[in-house]
Amino acid sequence: MSDFVCSRVGECELLKLVDDLKLSASDYADYRASLVSKVRENDFFNRLFLFRTRVMDDGILGELFYRGVKLCDTLERQGVEVRTGIYRLSMSHSPRFKRELPRITVPNRTGILMHAGNYSRDSNGCILVGFNVDADKPIVLHSTATLNLLITNIIDNKISFINIKNYCDE
């Protein structure tokens with residue numbers, strides 16, 4: 001599974017993540033293997049899994065998986081993030097973005113979408129998608145292309161739920 005970890009994260013970034021989690025390199029590889037295993041075991045509802053991996057002053061970074069495969073990184077604005085839990089996911093037209101976007105049905109909240117953006121300030125409670133290339137900065141890049149691929153995955157695979165967890169949740 002260490003190849004899985006290194007396929008998305010460069011060696012320097014991996015060492016930084018290991019340091020942040022206070023784990024040895026082998027323990028970190030075991031942690032990631034366990035995480036992927038849990039995703040595969042629990043994937044009986046055809047859902048996305050968002051694992052939040054790092055909380056920073058300017059945002060919350062996460063990783064989005066489908067059937068044990070990492071699709072992209074995520075970024076949320078701290079203080080208005082969606083609570084952990086399992087939520088209905090559907091495609092819906094957004095008047096603001098003038099296109100169909102993944103909508104997350106969150107009790108007592110409206111307009112929670114997955115959309116493009118690079119910085120946490122680009123969101124007011126939504127989940128931004130892209131790829132984080134600097135573990136020290138809450139930023140996602142290639143957001144529009146990533147969103148388009150995510151939408152294709154959601155539609156083609158008829159994904160209807162998202163499970164949001166903090167990385168420390170068991």
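At 0% relative accessibility, threonine 74 counts as buried. The structure in which this residue lies is a predicted model. Threonine 74 belongs to strand E3. Apart from its neighbours within four places in sequence, threonine 74 is in contact with Leu50, Ile60, Leu61, Gly62, Glu63, Leu64, Ile127, Leu128, Val129 and Val140. Cysteine 72 is likewise classed as buried, because its relative accessibility of 1% falls under the 20% limit. Cysteine 126, with a relative accessible area of 8%, is buried as well. A search of the whole structure finds 0 disulfides.

The sheet itself may be considered next. Strands of a sheet pair through backbone hydrogen bonds, in either the parallel or the antiparallel sense. Here, 8 strands form an open sheet with mixed pairing, in the order E5-E4-E8-E1-E2-E3-E7-E6.

At the E5 end of the order, the pairing can be followed residue by residue. Strand E4 (residues 85-94) and strand E5 (residues 99-105) run antiparallel and are joined by 7 bridges. Within this pairing, methionine 91 has proline 102 in E5 as its bridge partner. The hairpin of E4 and E5 has 4 residues between the strands, and lysine 98 takes a positive phi near 55° there. E4 also pairs with strand E8 (residues 161-166), again in the antiparallel sense, over 4 bridges. In that case, isoleucine 162 in E8 is the bridge partner of tyrosine 87.

The mean pLDDT of the protein chain is 82, with 75% of its residues reaching 70 or more. Among the elements of the chain, E7 has the highest mean pLDDT, at 97, whereas helix H1 (residues 2-8) has the lowest, at 35. Over residues 1-15, pLDDT stays under 50, and the model has 20 contacts for this stretch beyond four places in sequence.

Definitions and conventions
Residues numbered from 1 in each chain as written. Predicted model: local features only at pLDDT ≥ 70, side-chain atom pairs only at ≥ 80, totals over all residues. Heavy atoms only, no water. Pairing = 2+ DSSP bridges. Helix = DSSP H or I, 4+ residues; strand = E, 2+ residues; numbered from the N terminus. pLDDT = per-residue confidence, 0-100. Contact = heavy atoms within 4.5 Å. Disulfide = S-S within 2.5 Å. Buried < 20%, exposed > 50% of the residue type's maximum accessible area, 1.4 Å probe, protein only.
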